Amino acid sequence: MNQHPSYRSVVFAGGGTRCLWQVGFWNEVAPAMSLQPTTVAAVSAGATMACFLFSGRFSAAVQHFQEITRLNTHNVYPFNIFRGHPVFPQYALYRNGILAAIDASALAALHDGPEIRILLSRPPRWAGPRMATVIGFLCYSIEKKLFSPVHPSFAARLGFTPEVVTVHECRTPEELADLLLQSSCTPPFTPVLRRNGRPVLDGGLIDNVPTGILNDEDGDMLILLTRRYPPESIPTLPGRTYIQPSRPISIFKWDYTDPEGLRDAYQLGRADGQAFLRREVMSEKW
């Protein structure tokens with residue numbers, strides 16, 4: 001029988017609410033293949049999903065996010081500008097959702113689990129945080145539109161630099177929530193955020209599929225994407241297995257009004273996980 005990779009490391013790509021696909025996929029595949037990774041690389045909402053999964057709190061988290069998206073009717077509240085309230089509700093809903101799922105015991109479980117490395121992006125010093133936000137996301141969008149790379153490079157060429165923080169460094173659930181939001185920082189959906197006094201932005205600007213924060217010692221990688229790429233764009237490298245959704249996930253990544261979209265992303269992940277397992281069984285040779 002062919003020996004399939006043990007996947008000692010797993011990569012959770014960013015993708016906002018689309019990352020519910022990763023939860024569905026993992027819940028099907030991990031028990032069936034007895035996956036017990038020692039290292040996880042993650043960014044943005046993918047990092048949040050990884051923390052929900054490896055803390056054992058994914059069910060409570062998914063239920064909470066479905067409930068808040070059912071109650072929240074708009075992604076933008078323009079008249080809040082006259083009331084002194086946030087125009088975009090996502091930051092508060094996101095942070096509250098993390099803290100509703102991750103308490104002290106869940107954080108302890110994360111500390112006892114695999115090392116979860118989370119990617120942040122530091123803007124170049126020549127640009128203020130707001131200018132860097134515009135430049136960074138413009139470059140990201142143009143590069144994705146023109147070339148569809150799995151691993152973008154434009155932002156790094158402009159001086160954006162990576163920073164990696166592990167979940168083990170977080171001493172409280174609030175510190176973990178801060179870290180996850182820093183890795184997801186996407187103004188105007190979030191405020192401009194700072195870590196150690198310096199601005200940070202979504203780590204996906206550096207690489208939305210952060211394989212680069214792993215190394216050869218971390219073993220074979222299972223890489224969970226959240227969007228469709230042309231087949232020719234997906235790298236074929238030894239020790240790496242890239243998995244993408246079987247069809248585009250319909251929900252917009254900052255949409256906090258669509259519980260059915262969240263459910264669809266999760267169920268698609270489950271179906272794709274089942275298909276992956278069938279392929280694995282069919283590929284075995286006795």
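Predicted model: local features only at pLDDT ≥ 70, side-chain atom pairs only at ≥ 80, totals over all residues.
**Overall form**

- Taken along the principal axes, the C-alpha atoms of the protein fill a box of roughly 70 × 40 × 35 Å.
- Among contacts with a separation of 6 or more, 78% join residues 24 or more positions apart.
- Of the 286 residues, 55% count as buried.

**Surface and charge**

- The protein exposes about 13,200 Å², and carbon and sulfur atoms supply 56% of that area.
- There are 27 positive and 25 negative side chains, and the centres of the two sets lie 6 Å apart.

- In soluble globular proteins, nonpolar side chains tend to be buried together.
- The largest nonpolar core of this protein has 86 residues, of which F12, W26, F54, L176, V209 and L224 touch the most other members.
- Helix α2 (residues 44-54) provides the largest share of this core, with 8 residues.
- Helix α8 (residues 173-183) is largely enclosed by the rest of the structure, because 8 of its 11 residues are buried.
- The buried residues of α8 are P173, L176, A177, L179, L180, L181, Q182 and S183.
- Apart from its neighbours within four places in sequence, L176 is in contact with C51, I102, L107, L110, V167 and C170.

**Residue A275 in helix α10**

- A275 has its place in helix α10 (residues 259-283).
- The relative accessibility of A275 is 19%, so this residue counts as buried, the cut-off being under 20%.
- A275 and L176 are 99 residues apart along the chain, and their C-alpha atoms are separated by 34 Å.

**Backbone exceptions**

- Most residues other than glycine have a negative phi, and most peptide bonds are trans.
- P187 and P188 are joined by a cis peptide bond, with omega about 10°; P188 lies in the loop between α8 and β5 (193-195).
- Y7, which is not a glycine, has a positive phi of about 50°; Y7 lies in the segment before β1 (9-12).
- S34, also a residue other than glycine, has a positive phi near 50°; S34 lies in the loop between α1 (20-33) and β2 (39-43).

Notes:
Residues numbered from 1 in each chain as written. Heavy atoms only, no water. Buried < 20%, exposed > 50% of the residue type's maximum accessible area, 1.4 Å probe, protein only. Contact = heavy atoms within 4.5 Å. Areas by Shrake-Rupley, 256 points an atom, 1.4 Å probe, with all protein chains shown as cover. Lys, Arg positive; Asp, Glu negative; His and termini not counted. Charge placed at Lys NZ, Arg CZ, Asp CG, Glu CD. Helix = DSSP H or I, 4+ residues; strand = E, 2+ residues; numbered from the N terminus. Core = buried A, V, L, I, M, F, W, Y, C linked by side-chain atoms within 4.5 Å.
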